[in-house]
Amino acid sequence: MMKSQKSFLIKIIVVQCLLVLCVAAQDFDFFYFVQQWPASYCDTRRSCCYPTTGKPDEDFSIHGLWPNYKNGKWPQNCDEESSLDESEFSDLISTMEKNWPSLACPSSDGLKFWSHEWQKHGTCSSLNQHAYFQTALDFKTKSNLLQNLNNAGIKPRNGEHYSVESIKNAIEGGVGHTPFIECNVDPQGNHQLYQVYLCVDSSASKFIDCPIFPHGGKCGSKIEFPSFSSNDDHDEF
């Protein structure tokens, strides 16, 4: 075999190996679809700031759609060259402002939050920017968390406590799959409903049973579901 042919074959093999590595680097088993309760985000020592678009509705909001492995690890920042391009999802922005707001301080329009979610998680999802954000919005609608809880008599009320099992059962009854409930602690030391994790198949087409649940954010047997509508509308809570 001529030297030039060997060189060409070596280049082909190298390219093929690189392609396999790239695919492997972005391969994953399922998504966590995570929604947070705004009152619990704000009702901590950290506090919060309402978005520049105003105080969000009393409803769960999207935290993210996160690719994960069954071993509990996850890929992240799979394409550092892919920055957020607002023009790619401009038709979704008003819906995202309502359903995917940032409560971090200082107040913002959400773009920094969405950029973080896209670069850390979305670039590993095999979806383009529009599809990634649209998919998360669709799953929020499908999950209908607040309505499922309300149907079970679980409503946001300050000072009221609910069992974690009753919350899980209410959501499972509506979605068809068991959620993971993450709690945080208010300034008085009470455990409160903070985030709900549901699992989605790797093609981002349907909810599935979670292959593994997250660690951390453990709850007591009974937790608060604090009201968000009763708080005054301030720039900083």
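The model is a predicted one, so to speak of local features a pLDDT of at least 70 is needed, side-chain atom pairs count only at pLDDT 80 or more, and totals for chains, interfaces and linings use all residues. Residues are numbered from 1 along each chain as its sequence is written, and side-chain values use heavy atoms, with hydrogens and water left out.

Let's begin with the active site. In an unreviewed entry, UniProt lists His63, Glu117 and His121 under "active site". These three are spread over 59 residues of sequence, yet they cluster in space, with a largest C-alpha distance of 11.2 Å.

His63 is found in strand β2, residues 61–68. Helices (H or I, at least four residues) and strands (E, at least two) are DSSP runs, numbered from the N terminus. His63 counts as buried because its relative accessibility is 18%; buried means under 20% relative accessible area, exposed over 50%, and partly exposed in between, using a 1.4 Å probe and protein chains only. Setting aside residues up to four places away in sequence, His63 touches Val34, Gln35, Gln36, Trp100, Phe113, Glu117 and Gln195. Contact here means heavy atoms within 4.5 Å.

Glu117 sits in helix α4 and, at 2% relative accessibility, counts as buried. Apart from neighbours within four places in sequence, Glu117 is in contact with His63, Gly64, Trp66, Trp100, Gly122 and Tyr132. The side chains of Glu117 and Trp66 are also joined by a polar contact of 2.9 Å. A polar contact is a pair of N or O atoms within 3.5 Å; within protein, one must be able to donate a hydrogen and the other to accept it, and residues adjacent in sequence count only if both atoms are side-chain atoms.

Trp66 turns up again with Asn68: the backbone oxygen of Trp66 lies 3.0 Å from a polar atom of the Asn68 side chain. Asn68 belongs to strand β2 and is buried, at 5% relative accessibility. Beyond its neighbours within four places in sequence, Asn68 is in contact with residues including Phe28, Tyr32 and Trp74.

Next come the disulfides. A disulfide is a covalent bond between the sulfur atoms of two cysteines. Counting pairs of cysteine sulfur atoms within 2.5 Å as disulfides, the total comes to five. With the bonded cysteines numbered in sequence order, the pairing reads 1-2, 3-5, 4-6, 7-10, 8-9.

Cys183 lies in strand β4 and Cys219 in the loop between β6 and β7 (222–225), so the pair ties together parts that are 36 residues apart in sequence. Cys183 is buried at 7% relative accessibility, whereas Cys219, at 24%, counts as partly exposed.

Then there are Cys199 and Cys210, with sulfur atoms 2.1 Å apart. This pair links distant parts of the chain, Cys199 in strand β5 and Cys210 in the loop between β6 and β7, eleven residues apart. Cys199 is buried at 1% relative accessibility, and Cys210 is buried at 15%.

Strands β4 and β5 also meet each other directly. Five of the six residues of β4 (residues 180–185) are buried, so β4 is largely enclosed by the rest of the structure. Six bridges join β4 to β5 (residues 191–201), and the two run antiparallel; strands pair if DSSP finds at least two bridges between them. Within this pairing, Cys183 stands opposite Leu193. The two strands form a hairpin with five residues between them, and Gly189 in the turn has a positive phi of about 90 degrees.

Ser126, in the loop between α4 and α5 (129–143), has a positive phi near 65 degrees without being a glycine, and is exposed at 61% relative accessibility. Ala204 likewise is not a glycine but has a positive phi, of about 60 degrees; Ala204 is buried, at 14% relative accessibility. The peptide bond from Cys105 to Pro106 is cis, with omega near -5 degrees, and Pro106 lies in the loop between α3 (93–99) and α4 (111–120).

How values were computed: UniProt positions are given in the numbering used here, feature names are shortened, and annotations may be inferred rather than shown by experiment.
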